[in-house]
Amino acid sequence: MLPDSRRTRVLWSVSLALNISLLLLPFIFKFDGKPHADWQQFLGRFHPLAVHLPIGLLVLLPILEVMGGSRHSLREAAEFVLGLCFACCLGAAALGYLLAFGSGDAGAGVTRHMWGGIALTFCVLFCVLARRAWLAGDAPWVYPGLLASVLVLLTWTADQGGALTHGSNYLTQYMPASIKRLTGLGAAGRAPSAGSFYVRHIDTVFETNCVACHGEGKVKGGLRLDSYDALMKGGKDGAVIVAGQPDKSLLVVRVTLPTDHKQFMPAEGKPPLRPEEINWLKAWIEQGASPTATQLAGVFIREEMPDLPLQPVGDYSAFMDDIHRMAEGQGAKLVSVSSKPADGLILNTVDVAASFGDTQLAQFNKYAPFIVEAELGRAAVTDASFATLSRFTHLRSLHLEGTAVTGDGLEKLASLSQLSYINLSSTRVTKAAAAQLDSLKSLRHVYLYNTPAQPESAGNLVQPVARNTP
Ligand code: HEC
């Protein structure tokens, strides 16, 4: 049923060829998440502007067709508008492709939006064909049906695109609460309450580190972190928080990647979250990611204490060869906190935790004054290691979660004047041992989640976070 005149046949073949090339683009130039040429981004950024033309035309089309029932000239105009629609769709889709490819944007949201756009160009092209049959009275329902599907597809694709630029709750954010409830969109009764752990700690972390790119002004990755609803709604790849499962929560995954990983957050070389901030996030998610809970089991923060000024560690340049050798080896590693040597070293045992015991730790004695953070989570260390650790004079944070320590000898750490963070979660630390934490005057953050000492212990000094809550 191809059009007969030669001119339309040529037009039809060219259109089909262009449309098929569009379809092949994503297979030839795959989205690799890396930015490409500047000219691509330059042109691509016209996409959000350019899409409005085909959108407007596609909405106009059914109006012309309906009104054209009584006014013949409108029906003639509809044919022209449909052709123009197709050309504009092709152009807008090509620009959109340049935008995503050029800026290195990738992800499920981008992919969905792209396929929506490509499918739309095909549907519009088929409309051209179906319309001829419709006018000839051959298949009276195909064209109207196709046109209706085009409008549905258009709405969906536009919504996907909107989620990429404005965040996925852009349309519904200010929807009246009653309609939200009716449509099941609202998280009724889940509004964060003042004084909740979320408001006091989680939101503050995002405010300081993330909303510049994930807030009102910019919505990178389709994710906003400036409200509880937006956080739970997630980004272009869906939910970023899985309540109860910190390790499966994309947000935690992204902030705990190696800092030089291209997906590490905060992006663009911004300073990483502090260990205690990451632990708040993990503990909060693990215990249900509630917007109202004021206190997390086993998490104690002395809020009245100021952060201590950081004391520079000494010069460890004599050990640089050792440090490089360790970095290449299979065992525990010493990693620089930053490019400034005075910021000290992190002892990282994650890869060898199971075989890293008291003897192995003792071998790090000579680096003791330079280590500011000891990652011993799930390592094979015992209470015997407290003696070694007491020589880590610049130690600021100590991870002992999931180890065999019971806390016997904890008081040896009292000499560490910088120690502000200790994680003893999932250990057998007893109440009596936890009481010794009182003598560690610089401690601000204490984790005793899932220990015999958990409920209220931690001495008089370490108060549960909810203490000041009304
Ligand atoms: C300098 C800008 C910038 C800052 C600051 C930033 N991000 Fe991002 N973020 C991005 C960009 C760009 C993307 C999209 C590309 C990507 O997925 O890597 C993104 C994506 C994400 C995603 C993936 C969303 C999805 O659905 O794919 C998560 C999760 C995320 N960021 C979390 C954070 C957190 C948490 C912080 C603060 C600790 C943060 N970001 C700070 C720029 C930033």
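By class, the shell around the ligand is made up of 12 nonpolar, 4 polar and 6 charged residues. The structure described here is a predicted model. In this model, 22 residues surround the ligand, and the closest are Cys-210, Cys-213, His-214, Asp-237 and Met-265. Helix 11, which spans residues 250-255, gives the most to this shell, with 4 residues.

A nitrogen atom of the ligand has a polar side-chain atom of His-214 at 2.8 Å. An oxygen atom of the ligand lies 2.7 Å from an N or O atom in the side chain of Asp-237. Lys-236 takes part through its backbone, with an N or O atom 3.1 Å from an oxygen atom of the ligand.

Along the chain Asp-237 and Ala-108 are 129 residues apart, yet their C-alpha atoms are separated by 5.2 Å.

Met-265, listed among the closest residues to the ligand, is joined to Pro-266 by a cis peptide bond, with omega about -5 degrees. Pro-266 has its place in the loop between helix 11 and helix 12 (275-286).

Turning to the chain as a whole, the secondary structure comes to 16 helices and 7 strands. Of the 470 residues in the chain, 44% are buried. The accessible surface comes to about 23600 Å², and carbon and sulfur atoms account for 61% of that area. Among contacts between residues at least 6 apart in sequence, 66% join residues at least 24 apart.

The largest nonpolar core has 44 residues, and those with the most contacts inside it are Leu-347, Phe-356, Leu-376, Leu-398 and Leu-413. At least two residues of this core are supplied by each of helix 13 (320-328), strand 3 (345-348), strand 4 (371-375), helix 15 (385-389) and helix 16 (431-435). Strand 4 provides the largest share, 3 residues. Around Phe-356, once neighbours within four places in sequence are left aside, the contacts are Ala-332, Leu-347, Thr-349, Leu-361, Phe-364, Leu-376, Ala-379, Ala-380 and Val-381. A second, separate core has 32 residues, including Leu-61, Ala-78, Cys-85 and Leu-90.

The loop between strand 4 and helix 15 holds Arg-378. Although Arg-378 is not a glycine, its phi is positive, at about 60 degrees. Arg-378 counts as exposed because its relative accessibility is 57%, and the cut-off for that class is over 50%.

Another residue of this kind is Ser-426, where phi is near 55 degrees, a positive value in a residue other than glycine. Ser-426 lies in the loop between strand 6 and helix 16. With a relative accessibility of 37%, Ser-426 counts as partly exposed.

Thr-427 is also found in the loop between strand 6 (421-423) and helix 16. Is Thr-427 buried or exposed? At 5% relative accessibility, Thr-427 counts as buried, because buried means under 20%. The side chain of Thr-427 reaches back to the backbone oxygen of Leu-424, at 2.6 Å. Beyond its neighbours within four places in sequence, Thr-427 is in contact with Leu-400, Glu-401, Gly-402, Thr-403, Val-405, Asn-450, Thr-451 and Pro-452.

One of these contacts, Thr-451, has its place in the segment after strand 7 (445-447). Thr-451 counts as buried, with a relative accessibility of 9%. A polar atom of its side chain lies 2.7 Å from the backbone oxygen of Leu-448. Leaving aside neighbours within four places in sequence, the contacts of Thr-451 are Leu-424, Ser-425, Ser-426, Thr-427 and Val-429. From C-alpha to C-alpha, Thr-451 and Leu-424 are 7.9 Å apart in space, while in sequence they are 27 residues apart.

Note on methods. Residues are numbered from 1 along each chain as its sequence is written. This is a predicted model: local features need pLDDT of at least 70, side-chain atom pairs count only at pLDDT 80 or more; totals for chains, interfaces and linings use all residues. Side-chain values use heavy atoms; hydrogens and water are left out. A residue is near a molecule or strand if one of its heavy atoms lies within 4 Å of it. A polar contact is a pair of N or O atoms within 3.5 Å; within protein, one must be able to donate a hydrogen and the other to accept it, and residues adjacent in sequence count only if both atoms are side-chain atoms. Ala, Val, Leu, Ile, Met, Phe, Trp, Tyr, Cys and Pro count as nonpolar, Asp, Glu, Lys and Arg as charged, and the others, Gly among them, as polar. A nonpolar core is a set of buried Ala, Val, Leu, Ile, Met, Phe, Trp, Tyr and Cys residues joined through side-chain atoms within 4.5 Å. Buried means under 20% relative accessible area, exposed over 50%, partly exposed in between (1.4 Å probe, protein chains only). Contact means heavy atoms within 4.5 Å. Accessible areas come from the Shrake-Rupley method with a 1.4 Å probe; for residues, only the protein chains shown count as cover.
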